[in-house]
Amino acid sequence: MQPLLKVQDLCVKFNARGGSFSAVDGLSYQLAAGETLGIVGESGCGKSISALAVLRLIPDPPGFYDGGAIHFEGVDLLHLSERQMQQIRGKQISMIFQEPMTSLNPVLTVGKQLSETLLLHENATKQEAHERAIEMLKLVQIPEPVQRLEEYPHQLSGGMRQRVMIAMALSCNPKVLLADEPTTALDVTIQAQILDLISTLQAKLGTAVVLITHDMGVIAEKTDRVIVMYAGRKVEEADVRFLFESPQHPYTEGLLASIPRIDTSESVDRSALNEIKGIVPSLADLGLGCAFAPRCRLSNDLCRTTKPPLEEKRPGHWAACWHSNQL
Amino acid sequence: MDRGRRALLEVTNLRKYFPIRRGFFPRKAGHVQAVDDVSFSILPGKTLGLVGESGCGKSTIGRTVLKLMEPTSGRIFLDGRDITDLNRTQMRPIRTEMQLIFQDPFSSLNPRMTAGAIVGEPLSLHNPTSRKQSRERMLEVFDRVGLHTDQAGNFPHQFSGGQRQRIGIARALILNPKLVIGDEPVSALDVSIQAQIINLLMKLQDELGITYLFISHDLAVVKHISHQVAVMYLGRIVEMSEKNTIFKAPQHPYTRALLSAVPNPTPLARAKKRIVLSGDVPSPINPPEGCRFHERCAYVMDQCKTTPPPLLEITSGHWLACHLEN
């Protein structure tokens, strides 16, 4: 089956004082219809930039594409005009952002913002758009949708705003939904509501989802396949079960071991957590070798001088590490 | 709870209401009941984890205990001494015994002071000694929290997030406090750095016998670091016990929902049934009558709508505020 979205060797760079640095370096992935792909990593690893890049939303300058291709249904998005991109954004591929307060327009009512997409993409009349907006708010389980349409974002709670964002993103039945930390700003009980909602809608509408998060728990519960990013590069990709059962990259292994868990036995509590030494490196001064080498327990001279290629370590399980066999 | 020993911090019937003023000539138009009738105590050298969702009043408790805000009513005892009615001057010597660690390591450090000056400042305010002694003490604390002593001359922007949080911890420790209140001290950090700071906080407790009031919304972190856990909902404690009891056999419907909402980092656990609460947390300006959770509770009874359930000790050391149990 042809993948719906195929990102190939994508490189995004940013100009900064004293040269440019790679925020996303050689990222490739494929997404099939109805699938959920998780992208996990820490701040600055390039996970959000990779999503913005798909929609051609990288601010230029200072950012620019330095090669690669993004095929959506066979068309390379990097070669489309801005006008053609507008036909894709919100209609074919849409995005949910982390902070619903800053990504909704504070001076427009919820109804205005919801119907805007519909008027633009679906050639709907005002009346149709209004009705569809009510329908969408019902779909995302907002009580009293008719009143809510007249309200402004500040009158809604955080969970409600995120629901409105989801309603906006899904109002044109997009084929791909890019969700960038959709629940990070929310409380856990609201997070559970929102994640369930995304799954339900995904099953109903057949949307493919790219779920970007730093939370391994969310990854474990909601994704089919996972990409782990570190310092702009994909360091591991696998089926979610394989990834948690037997990580093939020391960074993934360390990440999994360092999270406090709610399901541990009493004996593990208050014992020291497994920490990854050191700090996330600055993208501006990455060396020649593996970016994780300075923090890695397995690193040797080879790691410090030569970047490990992404290799298939087991069927369907890829990792970029010289020492996967020692894990 | 171990009744033989005296609690380091004891809080009884604490209330903190914030007046809401409206109009051109502001008149009181009501109250935000941020904290309502909260009691707890922490034994020396132990950690009480205070969990709850945003707006439940957990940070207000931290600030009121430190007397950064005056409580509306209730009593606060530090090491057996009633500090509730002390004024600013009387509080000054006591401030050395309790310190706060902030959530955001970016906005809580003065960008124009060096790390060394930030860490040393409490010492010069409370306990002026010779320059040489102050500097020695500052470097000692630097070393203890895992910062390089030769970085003392650097400014905050030259440090990473995790290192800045270490500076915040060093500043809290320099006066040898008995009680440290951490207000979401690891929430702003990346996962791999979070583990480093949690380990540091636990190590410091073992070495120095510090008592922690650890405020967080992250249940997994609280489970890892605490001895006792109190769960708050809309200004009240709904359940409190020794940690393992509450995580193994939660009794309050809210605690159960909260625990089941935490995403579990094990793909195999996916099948588990999740209790998804409907709706949002109500406003603390006009909290529901009776039990504040009743509108979202699956087990609501008539009694819950009218009478607030008292916090009662159901088994030794396990406190619960729910009519179901009684």
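A residue is called buried if 20 or more other C-beta atoms lie within 10 Å of its own, exposed if 12 or fewer do, and partly exposed in between, with the C-beta atoms placed from the backbone. Helices (H or I, at least four residues) and strands (E, at least two) are DSSP runs, numbered from the N terminus.

This is a predicted model, in which local features need pLDDT of at least 70, side-chain atom pairs count only at pLDDT 80 or more, and totals for chains, interfaces and linings use all residues. Residues are numbered from 1 along each chain as its sequence is written, and chains are lettered from A and ligands numbered from 1 in the order in which they are written.

I'll start with helix α1 of chain A, residues 47–54. Seven of its eight residues are buried, including Ile49(A), Ala51(A) and Val54(A). Just after α1(A) comes Arg56(A), with a positive phi of about 55°.

Next, the strands. Two strands count as paired if DSSP finds at least two bridges between them. Strand β1 (residues 5–16) and strand β2 (residues 19–31), both of chain A, pair in the antiparallel sense over 10 bridges. Leu5(A), for one, has Leu31(A) as its bridge partner in β2(A). The hairpin of these strands has two residues between them, and Gly18(A) takes a positive phi near 75° there.

Chain A also has an open sheet of eight strands with mixed pairing, in the order β7-β8-β9-β3-β10-β11-β13-β12. β7 (93–96) and β12 (311–314) of chain A are at the edges with a single partner strand each, so one side of each has no neighbour in the sheet. Within chain A, β10 (225–230) and β11 (233–239) pair in the antiparallel sense over six bridges, and Val226(A) has Ala238(A) as its partner in β11(A).

Now the core. A nonpolar core is a set of buried Ala, Val, Leu, Ile, Met, Phe, Trp, Tyr and Cys residues joined through C-beta atoms within 7 Å. The largest one has 183 residues, and those touching the most other members are Val210(A), Ala170(B), Leu213(B) and Ile237(B). Helix α7 of chain A, residues 158–170, gives the largest share of this core, eight residues.

Last, the two chains together. Two residues are in contact if their C-beta atoms, placed from the backbone, lie within 7 Å. How many residues of chain A are in contact with chain B? The count is 40, against 36 residues of chain B. On the side of chain A that touches chain B, α8(A) gives the most, with six residues.
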